[in-house]
Amino acid sequence: MKNAFQLPDYDRNIRLMVYEAHRFQYMAHLAQPEYFTLISIDCLAGRSLETKRKMYQQIVESLGKLGISSDHILIHLRESPLENWGIRGGQVACDVNLGFNVEI
(Lines give C-alpha, C1' and ligand atoms only; values in the text may rest on other atoms or scores of the structure.)
Protein backbone atom coordinates (compact mmCIF):
# COMPACT_ATOMS: atom_id res chain seq x y z
CA MET A 1 0.00 0.00 0.00
CA LYS A 2 2.83 2.38 0.87
CA ASN A 3 4.43 1.92 -2.56
CA ALA A 4 1.29 1.94 -4.69
CA PHE A 5 -0.30 4.89 -2.88
CA GLN A 6 3.06 6.68 -2.55
CA LEU A 7 2.58 7.25 1.17
CA PRO A 8 5.19 8.67 3.50
CA ASP A 9 6.48 6.37 6.25
CA TYR A 10 4.49 8.17 8.96
CA ASP A 11 1.06 7.87 7.32
CA ARG A 12 -0.36 4.50 8.24
CA ASN A 13 -2.39 2.97 11.04
CA ILE A 14 -2.38 -0.82 10.94
CA ARG A 15 -4.43 -3.24 13.01
CA LEU A 16 -3.80 -6.97 12.72
CA MET A 17 -6.43 -9.38 13.98
CA VAL A 18 -5.81 -13.10 13.80
CA TYR A 19 -8.64 -15.60 14.22
CA GLU A 20 -8.49 -19.33 14.63
CA ALA A 21 -10.02 -20.99 11.56
CA HIS A 22 -13.02 -22.32 13.50
CA ARG A 23 -13.89 -18.75 14.62
CA PHE A 24 -14.00 -17.24 11.14
CA GLN A 25 -16.42 -18.02 8.34
CA TYR A 26 -14.61 -18.55 5.06
CA MET A 27 -15.38 -19.66 1.52
CA ALA A 28 -15.87 -23.43 1.37
CA HIS A 29 -13.63 -23.97 -1.69
CA LEU A 30 -10.43 -22.85 0.07
CA ALA A 31 -7.78 -25.56 0.26
CA GLN A 32 -6.16 -24.01 3.34
CA PRO A 33 -8.82 -21.99 5.17
CA GLU A 34 -6.39 -21.16 7.97
CA TYR A 35 -4.57 -18.96 5.43
CA PHE A 36 -7.63 -16.99 4.38
CA THR A 37 -6.63 -13.32 4.60
CA LEU A 38 -9.13 -10.46 4.62
CA ILE A 39 -7.60 -7.03 4.17
CA SER A 40 -9.81 -4.04 4.85
CA ILE A 41 -8.42 -0.63 3.92
CA ASP A 42 -9.94 2.72 4.84
CA CYS A 43 -8.40 5.59 2.91
CA LEU A 44 -8.90 9.02 1.44
CA ALA A 45 -10.70 9.04 -1.90
CA GLY A 46 -8.86 10.06 -5.05
CA ARG A 47 -6.65 7.21 -6.27
CA SER A 48 -7.07 6.06 -9.86
CA LEU A 49 -8.24 2.61 -10.86
CA GLU A 50 -4.73 1.86 -12.14
CA THR A 51 -3.20 2.79 -8.78
CA LYS A 52 -5.68 0.48 -7.01
CA ARG A 53 -4.87 -2.36 -9.41
CA LYS A 54 -1.19 -1.87 -8.68
CA MET A 55 -1.79 -1.93 -4.92
CA TYR A 56 -3.93 -5.08 -5.06
CA GLN A 57 -1.26 -6.87 -7.12
CA GLN A 58 1.55 -5.78 -4.79
CA ILE A 59 -0.37 -7.00 -1.74
CA VAL A 60 -1.08 -10.38 -3.33
CA GLU A 61 2.54 -10.75 -4.45
CA SER A 62 3.84 -9.87 -0.98
CA LEU A 63 1.52 -12.32 0.75
CA GLY A 64 2.42 -14.99 -1.81
CA LYS A 65 6.01 -14.81 -0.54
CA LEU A 66 4.61 -15.81 2.85
CA GLY A 67 2.87 -18.85 1.37
CA ILE A 68 -0.62 -17.38 1.12
CA SER A 69 -2.28 -18.38 -2.14
CA SER A 70 -3.81 -15.57 -4.18
CA ASP A 71 -7.25 -17.20 -4.07
CA HIS A 72 -7.12 -16.99 -0.26
CA ILE A 73 -6.85 -13.18 -0.25
CA LEU A 74 -9.76 -10.75 -0.23
CA ILE A 75 -9.08 -7.02 -0.27
CA HIS A 76 -11.80 -4.52 0.56
CA LEU A 77 -11.09 -0.83 -0.06
CA ARG A 78 -13.33 1.82 1.50
CA GLU A 79 -12.72 5.37 0.34
CA SER A 80 -14.02 8.48 2.03
CA PRO A 81 -13.88 12.04 0.71
CA LEU A 82 -11.28 14.23 2.38
CA GLU A 83 -14.02 16.29 4.05
CA ASN A 84 -15.04 13.15 5.99
CA TRP A 85 -11.68 12.89 7.80
CA GLY A 86 -10.83 14.95 10.88
CA ILE A 87 -7.05 14.97 11.29
CA ARG A 88 -4.22 16.83 13.01
CA GLY A 89 -6.17 18.26 15.89
CA GLY A 90 -9.62 18.15 14.35
CA GLN A 91 -8.91 19.88 11.04
CA VAL A 92 -10.79 18.77 7.95
CA ALA A 93 -8.38 16.82 5.73
CA CYS A 94 -9.26 18.86 2.63
CA ASP A 95 -8.02 21.99 4.48
CA VAL A 96 -4.63 20.46 5.38
CA ASN A 97 -1.45 19.99 3.37
CA LEU A 98 -1.18 16.21 3.73
CA GLY A 99 2.38 16.07 2.46
CA PHE A 100 1.41 13.63 -0.29
CA ASN A 101 -0.95 13.50 -3.24
CA VAL A 102 -4.05 11.29 -3.12
CA GLU A 103 -4.85 11.84 -6.79
CA ILE A 104 -2.39 9.38 -8.29
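Leaving aside its neighbours within four places in sequence, which residues is histidine 72 in contact with? Counting heavy atoms within 4.5 Å as contact, the list for histidine 72 reads Leu30, Ala31, Gln32, Pro33, Tyr35, Phe36 and Thr37. Before going on, a word on what you're looking at: this is a predicted model, where local features need pLDDT of at least 70, side-chain atom pairs count only at pLDDT 80 or more, and totals for chains, interfaces and linings use all residues. Residues are numbered from 1 along each chain as its sequence is written, and side-chain values use heavy atoms, with hydrogens and water left out.

Back to histidine 72, which sits in the loop between α2 and β2. Helices (H or I, at least four residues) and strands (E, at least two) are DSSP runs here, numbered from the N terminus. Histidine 72 counts as buried, because its relative accessibility is 3%; the cut-offs are under 20% relative accessible area for buried, over 50% for exposed and partly exposed in between, with a 1.4 Å probe and protein chains only. A polar atom of the histidine 72 side chain also lies 3.1 Å from the backbone nitrogen of glutamine 32.

Now for the strands. β1 (residues 37-44) and β2 (residues 73-80) run parallel and are joined by eight bridges; for two strands to pair, DSSP has to find at least two bridges between them. Isoleucine 39 stands opposite isoleucine 75 in β2. Together, β1, α2 and β2 make a right-handed β-α-β unit. Right-handed means that, with the strands pointing away from the viewer, the path from the first strand over the helix to the second runs clockwise.

Isoleucine 39 is a handy way into the core. Neighbours within four places in sequence aside, its contacts are Ile59, Leu63, Ile73, Leu74, Ile75 and His76. The largest nonpolar core has 19 residues, and Phe5, Ile39, Ile41, Met55 and Ile59 touch the most other members. Such a core is a set of buried Ala, Val, Leu, Ile, Met, Phe, Trp, Tyr and Cys residues joined through side-chain atoms within 4.5 Å. At least two residues of this core come from each of α1 (2-5), β1, α2 and β2, and β1 gives the largest share, four residues.

Helix α2 (residues 49-64) also holds tyrosine 56. Tyrosine 56 is partly exposed, because its relative accessible area is 28%. Again setting aside neighbours within four places in sequence, tyrosine 56 is in contact with Ile75 and Leu77.

What about charges? A search of the whole structure finds four salt bridges, meaning a side-chain nitrogen of Lys or Arg within 4 Å of a carboxyl oxygen of Asp or Glu. One of them links lysine 52 and glutamate 79, with the closest N and O atoms 2.8 Å apart. Lysine 52 lies in helix α2 and glutamate 79 in strand β2, so this pair ties together parts that are 27 residues apart in sequence. Lysine 52 is buried at 15% relative accessibility, whereas glutamate 79 is partly exposed at 32%.

Glutamate 50 is exposed, at 51%, and arginine 53 is partly exposed, at 45%. Lysine 2 and aspartate 9 form a salt bridge too, at 2.4 Å, N to O.

Definitions and conventions:
A polar contact is a pair of N or O atoms within 3.5 Å; within protein, one must be able to donate a hydrogen and the other to accept it, and residues adjacent in sequence count only if both atoms are side-chain atoms.
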